[in-house]
Structure formats: structure tokens, C-alpha cells
Amino acid sequence: MVQSINTQVDLVMNATSHMGMTDYGKIMIGDKGFEFFNDRDARKFIQIPWEEVDQVIASVMFKGKWIPRYAIQTKKNGTFTFSSKEPKRVLRAIREYVDPNHMVQSLSFWDVVKRGFKSRFSR
């Protein structure tokens with residue numbers, strides 16, 4: 001069994017990890033970091049200490065009414081993408097430990113298309 005890095009837990013919720021194949025499990029937000037534990041395989045887990053978090057990126061749709069997924073970008077190990085039943089609750093719990101200036105919205109579909117056209121025709 002995996003040992004948790006947290007000593008105090010603020011939130012535990014069912015979630016999905018979108019790293020390769022989707023894995024279903026539970027996320028745990030506590031005083032030391034963000035953790036994901038797979039329901040079926042105890043060897044598949046993700047532990048991210050708060051010192052390692054660079055940005056939290058939320059995909060916001062319909063003017064903030066729906067957040068389908070969010071990602072945690074680390075300083076060394078890349079980006080981890082998750083989704084859960086109540087993402088606003090998760091992001092509020094993360095905001096207690098991560099600077100709100102490091103929590104950003106992802107680009108919309110039209111922003112990505114606009115950047116593509118600008119880079120294509122600026123050459």
C-alpha cells in the first residue's frame with residue numbers, strides 16, 4: 001500500500017486521471033500536496049507536493065458554468081490532467097495551497113485557432 005504524503009486531508013473526491021488510458025480513482029488534497037490513487041491498482045498513483053506545482057490550468061466553458069477538466073503543471077515532471085464530479089470544489093481547495101496568480105484558464109478553441117493563423121501568416 002502507498003503511504004500518503006499528507007498529514008491533514010482537506011478534500012477526498014472521486015476523479016479520473018487522463019494520463020494515457022483513463023484511470024478512475026480518488027483525489028486527495030491535503031496540507032502537503034495533491035494525490036491521486038487508482039481504485040483498481042494500488043501501484044498506479046500520483047503524488048505532487050505543493051512546492052513542485054508550477055501552475056493549475058482549468059478548462060472553462062460557458063463563461064464559468066462548466067469546468068470539464070483541470071491540469072496541474074509541475075516544475076519538473078510535466079502536466080497531469082484530471083476531471084472530477086465537482087471541479088469547482090477541487091479548485092477552491094487547491095487555491096488554499098497554491099498562489100491564485102498561478103491558477104489560469106486554458107485557451108479556448110477560438111484562441112488556439114487565432115494563434116495558429118497569426119503564426120502562420122506572420123512569417
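**Figure 1. Overall view of the predicted model, with its contacts, elements and surface.** Among contacts in the protein between residues at least 6 apart in sequence, 42% join residues at least 24 apart. The model shown here is a predicted one, and the protein in it holds two helices and eight strands, which follow one another from the N terminus in the order β-β-β-β-β-β-β-α-β-α. Along its principal axes, the C-alpha trace spans about 55 × 30 × 30 Å. Of the 123 residues in the protein, 35% are buried, while the accessible surface amounts to about 8600 Å², with 52% of that area belonging to carbon and sulfur atoms.

**Figure 2. Close-up of the largest nonpolar core.** In soluble globular proteins, nonpolar side chains tend to be buried together. The largest nonpolar core of this model has 23 residues, and the members that touch the most other members are Ile27, Ile29, Phe34, Phe82, Val90 and Ile94. Two or more residues are given to this core by each of strand 1 (9–17), strand 2 (23–30), strand 3 (33–38), strand 4 (45–49), strand 5, strand 6 (66–74), strand 7 and helix 1 (87–95). Helix 1 makes the greatest contribution to this core, with four residues. For Ile27, the contacts beyond four places in sequence are with Leu11, Val12, Met13, Ala15, Phe34, Glu35, Phe36, Tyr70 and Val90.

Figure 3. When neighbours within four places in sequence are set aside, the residues in contact with Ile72 are Phe34, Ile48, Val53, Gln55, Gly78, Thr79, Phe80, Phe82 and Ile94. Ile72 and Met103 stand 31 residues apart along the chain, and their C-alpha atoms are separated by 9.3 Å.

Figure 4. Val53 is a residue of strand 5, and its relative accessibility of 9% is why Val53 counts as buried. Apart from neighbours within four places in sequence, Val53 is in contact with Ile48, Ile72, Gln73, Lys75 and Val98. A further pair to locate in this view is Val53 and Val9, which are 44 residues apart in sequence and lie 18 Å apart in space, taken from C-alpha to C-alpha.

**Figure 5. Close-up of Ser84 and its polar contact with Tyr70.** Ser84 is located in strand 7 (residues 79–84) and, with a relative accessibility of 15%, counts as buried. The side chains of Ser84 and Tyr70 are joined by a polar contact of 3.0 Å. Not counting residues up to four places away in sequence, Ser84 touches Tyr70 together with Met13, Asn14, Ala15 and Val90. Two of these partners, Tyr70 and Val90, are also touched by Ile27.

Figure 6. Met61, Phe62 and Trp66 together make a nonpolar surface patch of about 360 Å². Met61 has its place in strand 5 (residues 53–61), and Met61 counts as partly exposed because its relative accessibility is 36%, which falls between the 20% limit for buried residues and the 50% limit for exposed ones.

Terms used: Residues numbered from 1 in each chain as written. Predicted model: local features only at pLDDT ≥ 70, side-chain atom pairs only at ≥ 80, totals over all residues. Heavy atoms only, no water. Patch = residues over 30% accessible without salt bridge, like charges linked within 9 Å, V, L, I, M, F, W, Y side chains within 5 Å. Areas by Shrake-Rupley, 256 points an atom, 1.4 Å probe, with all protein chains shown as cover. Salt bridge = Lys/Arg side-chain N within 4 Å of Asp/Glu carboxyl O. Buried < 20%, exposed > 50% of the residue type's maximum accessible area, 1.4 Å probe, protein only. Polar contact = N/O pair within 3.5 Å; in protein donor to acceptor, adjacent residues only side chain to side chain. Contact = heavy atoms within 4.5 Å. Core = buried A, V, L, I, M, F, W, Y, C linked by side-chain atoms within 4.5 Å.
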